[in-house]
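Please look through the structure shown below before reading on.

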Amino acid sequence: MASKILAIRNVVNKPLNFFVNKIPQYQTTGYNLKNISTTTIACLNFFNKLPAEKLWKSVTSVSNAGAKKGRGKGAGRIRIRDLNRGQIIGTGKINMLWPGLSAPVIRGRELLKQQRLPDDPERMEKLIKLRDSMTRFRRLRLSPIERGWSGSRMPGRSIGAPDPVGDEEFTGFDTKVLQLRPLLIMKGSLGRTRNYQAMVVTGNGQGLAGFGIGKAKEAPAALRKAKNRAGKKLMNFDIYNGHTVFHDFFTAFGKTKIYVQKKNEGHGLKCHRAIKEICQAIGIKDLRAKLEGSNNLQHIVKAFFVGLLQQRTHQQLAEEKKLHLVEFRAENEHYPIVVASPSVVRTKEEIPKDETLDFNQYIMNDRVIFRRKKFPRFYETMPHYEIFLKKYEKFRNHEKIRLNLKVEYGEIKSFLTDKYPEPKEEKET
Amino acid sequence: MPLPPASGTGRYFAKAAKSIRLLRHGCTNRPFFHISVTQRRRPNSLPVIEQLGSYDPMPNMDNEKLVALNLERIKYWLGHGAHVTPPVAELLGLAGFFPIHPRSYMTAWRNRATERENLAKEAEKAAEDKDA
Amino acid sequence: MSLLKLLKNNTRNVLIKCNESQLIFISSRKLSIVPSSYDGENPAPKFFSSGIQILLKRLTRPDYAKVFRKRSNSNAPMLETPQYKFLTDEELQIEKEKANQSADRLLQMPPVVKVHEPINDVLSKDPALVGFDSAKYLFTDISFGVANEHRLIVERDPDGILRSCDHDVRKRLNQIYFPMLGRKIREPLIFADDEKLHSLLDRQKYEYVLDRACVQYEPDEPKFQKVTSITYQHIDTNMQYDLLRSTRHFGPLAFYLTWHKCMDSLMFELVQTGAIREAVLLMSLRHAVHGDLKNGADSDALGKQVLTTPVQLSKSEYLTEEDIQLDNKCIECLDAYIVNNSTMKSQQGLALQGFREYYQQMVELSRGLKKAHGTA
């Protein structure tokens, strides 16, 4: 009972909008008797004896045990709606014209009178629609071009060029987020505190690129810090023929090992997604990278940058070896093109017998990429696949024959079709 | 290659009799023959010892029947005493490798006879039509 | 070849009497080209003689940048990662030798031979076989290791005659049993349809047409010689010789033009572009093929001298005294040719005069340079 009385007091103290028109009579009886009848009306029911918050709480709350089980989360959860939205004072279920409330008192020279207008049958539907739109679970949707590696999360997304330093502007630069993660630290006074750490790479796609790490209390601040730091640490990389690295190389940072291979034009970037973003920032278009050991993202980035910086140009290699460096391209019928010549060339007698002369072996420092054994596809070992192959043996050339017939006659027919026409044609005639 | 190749996986018994014969490949309504050497007393569904050629009995666009013969290997197997079945002997005869098989002459003679009969019948019919 | 000249001047629809005395209707929209083939004297002995082969190879003016260019029709279906090697001087020299050999392979000229004679060889007649079958029987010997041209291919006709097959049937059966990559059993549309061939020629896809013809036909086939002669004449009328330079088809083109004595526009192009030494080589080619030049012996001697000098891919900036001497001799030799044998006297004379003036300037410049450097 006591709680009921308390609740009533609450209602009185904070009158809600839908109570405004119906002032509780029993309260004002003491000093405003003129306007009121003596009979008391009990305007109390379940819906108006409690405030809206409490009512909503009763609907949406989940028991402690349920919350532990994960109830009341996700798409099916009930949400609080603002039932006042879309409702205007002076309008209601019955469409009345109230001069001075929902309409002007004087329109033109005419004094408007209170009158009933025709009902709007769709009013309720509109209201329900509006209320439904409030509760619908709306996920942040990005266009496929804008989105990063997964969904609407930051890694892989572009966050624009770094902020200008003084008068220097970063024109043509673009920054990609590689990592954004919360770091949790226990503090004696504050308990568990949350910091954000971001790693980004920025580049202009023409050889200039850099990466940066930023930490802040909030994610956007961390990203901004990382981006600006990356802009201040740009490095210049030479790109071979504007599309790939100068040679294969091995690089490592901590336990992360990367084998990078030079590839031909049109091969594309076949590597870890972070390495792909870095390559795009630098302007490398064709490359293969194989990762071994730890896949710690910061280590990957650092290892790859270190590897790129330690590349040697063809001239340097030729000078190191004191031999001509000659390029053979399959598309040019293996015509030897001398890409670099040293100032002094050694003769065959001057080369020691145990020296590695193979270019790849020399450049990879005798390291070899581990090639895993290729397993057959899961269906290839099954008996039904053999049956299929045997059956298909008869039809193996049919597709080609059909194509040739179409080229020759414009349809699938042979020189015998005129003599022995298909039964279908007979039916038509 | 899931199916065994047409040539050269059959079991070979040195002393068993061999035969050079036509083996029907192809499908329903579309005959196509391999000329193969096989064990004489073996069903035709088994792999052959060696394929020696092919024969396409359906005339092509230019009204030709194509026959391929590996004469070098045919000579080898004949030297080893392989038996030649009449259809193959007929083909070899037409190719000028063997003397013409008597059956070819018989077929030709019969065809000519039926042709002559048909002509005579037609002539009779024409004469009757004229009389009528 | 005066006929050809006459044709070039024709622009209206004309009826022309051909050498086989048959009437051919030629529309004015297409170029009025009469295909010709090597059906008279056999050109093979002359074409394959070492002197003429050397001349033709030199006239091709092989530029390795073009010989080893990236081709869309090469055997490599996709690009590969380039390979690298560390080489000493001697090894590099060996690699370059290998490259020269593969250049020779890439520039190997399609043979120029006489059109083949039809095969008419009855092996046996057996009238008792008449009526055996209404279809022809074609027998092909598919023994291992026999070359296509020596393969035994015979036919048994419905009238009982056993005979050797003619060339077109031989080619078809060889293609059926021993297919050649790229060759079609049915003639491709670009050769069967004149419209398509001419549209290709108008787009100047000469090399493509000639390459396709080499794959589709044998060199002694009349159709091959017809297609190539049309292409060569098209190139000749449009003066697009540069499109065939550094390819294997330039030698046969030069030989064709020389054989039919209509190489004057090629000569004109050579003089105009200042390739005076190659013009002399062309003269000696003419003399080697026909032997009808008045100063033939001079041009032969000069040609031998020119062959010892390296190929001039671009105009040289600097002339030595020997160069000047040689070039002056070449100019004199050409002058004699233009006066005596040329059919384009005025144009070639003007072009040679232009070259002479330009060359005089070059000579003065290089002599002045020499003096300035104090090396004279």
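## Two residues with positive phi in chain A

Asp366(A) lies in the loop that runs between α10 (359–363) and α11 (383–392) of chain A. Since this is a predicted model, each value given here is computed from the predicted atoms. The phi angle of Asp366(A) is near 65°, which is a positive value in a residue other than glycine. Asp366(A) has 11 other C-beta atoms within 10 Å, and because 12 or fewer such atoms is the cut-off for an exposed residue, Asp366(A) counts as exposed.

Glu333(A) also has a positive phi although it is a residue other than glycine, and here the value is near 60°. The place of Glu333(A) is in the loop between β13 (324–328) and β14 (337–340) of chain A. Is Glu333(A) buried or exposed? With 20 other C-beta atoms within 10 Å, Glu333(A) is buried, because a count of 20 or more is what the term requires.

The secondary structure of chain A comes to 13 helices and 14 strands, while chain C has 16 helices and 7 strands. Of the 429 residues of chain A, 17% count as buried, and of the 376 residues of chain C, the share that counts as buried is 29%. When contacts with a separation of 6 or more are considered, residues 24 or more positions apart account for 49% of them in chain A and for 68% of them in chain C.

The C-alpha atoms of chain C fill a box of roughly 95 × 60 × 40 Å, taken along the principal axes. Chain C is divided into domain 1 (1–34), domain 2 (122–165) and domain 3 (261–376). Between the C-alpha centres of domain 2 of chain C and domain 3 of chain C there is a distance of 59 Å.

## Where chain C touches chain A

How many residues of chain C are in contact with chain A? There are 23 residues of chain C in contact with 26 residues of chain A. On the side of chain C that touches chain A, the elements that give two or more residues are β3 (83–87) and α5 (89–106) of chain C. The largest share of this side, 8 residues, comes from α5(C). By kind, the residues on the side of chain C that touches chain A divide into 11 nonpolar, 5 polar and 7 charged.

## Two helix pairs in chain C

Two packed helices are described by the angle between their axes and the distance between the axes. In chain C, helix α12 (residues 264–272) and helix α13 (residues 276–289) pack at an angle of about 155°, with their axes 7 Å apart. Because angles over 145 degrees count as roughly antiparallel, α12(C) is roughly antiparallel to α13(C). The crossing in which α12(C) passes α13(C) is left-handed. From α12(C), the residues Leu266(C), Met267(C), Leu270(C) and Val271(C) meet Ile276(C), Glu278(C), Ala279(C) and Leu282(C) in α13(C). The residues of this contact divide into 7 nonpolar, no polar and 1 charged.

Helix α14 (residues 296–307) of chain C and helix α15 (residues 321–340) of chain C pack at an angle of about 150°, and their axes lie 11 Å apart. This angle makes α14(C) roughly antiparallel to α15(C), and the crossing of α14(C) and α15(C) is left-handed. On the side of α14(C), the contact is made by Asp298(C), Ser299(C), Leu302(C) and Gln305(C), and on the side of α15(C) by Leu326(C), Lys329(C), Cys330(C) and Cys333(C). The residues of the contact of α14(C) with α15(C) divide into 4 nonpolar, 2 polar and 2 charged.

## An exposed alanine in chain B

Ala17(B) is placed in the segment before β1 (18–27) of chain B. Ala17(B) is exposed, with 11 other C-beta atoms within 10 Å. Leaving aside residues up to four places away in sequence, Ala17(B) touches Arg40(B) and His83(B). Although Ala17(B) and Arg41(B) are 24 residues apart in sequence, they are 7.7 Å apart in space, C-alpha to C-alpha.

Technical notes. Residues are numbered from 1 along each chain as its sequence is written. Chains are lettered from A and ligands numbered from 1 in the order in which they are written. This is a predicted model: local features need pLDDT of at least 70, side-chain atom pairs count only at pLDDT 80 or more; totals for chains, interfaces and linings use all residues. Domain bounds come from an automatic or database domain assignment. Axes are lines fitted to C-alpha atoms, for helices over the stretch in contact, and angles run from 0 to 180 degrees between N-to-C directions. Helices (H or I, at least four residues) and strands (E, at least two) are DSSP runs, numbered from the N terminus. Angles under 35 degrees count as roughly parallel, over 145 as roughly antiparallel, 65 to 115 as roughly perpendicular and the rest as oblique. A crossing is left-handed if the near helix is turned anticlockwise from the far one by less than a right angle, and right-handed if clockwise. Two residues are in contact if their C-beta atoms, placed from the backbone, lie within 7 Å. Ala, Val, Leu, Ile, Met, Phe, Trp, Tyr, Cys and Pro count as nonpolar, Asp, Glu, Lys and Arg as charged, and the others, Gly among them, as polar.
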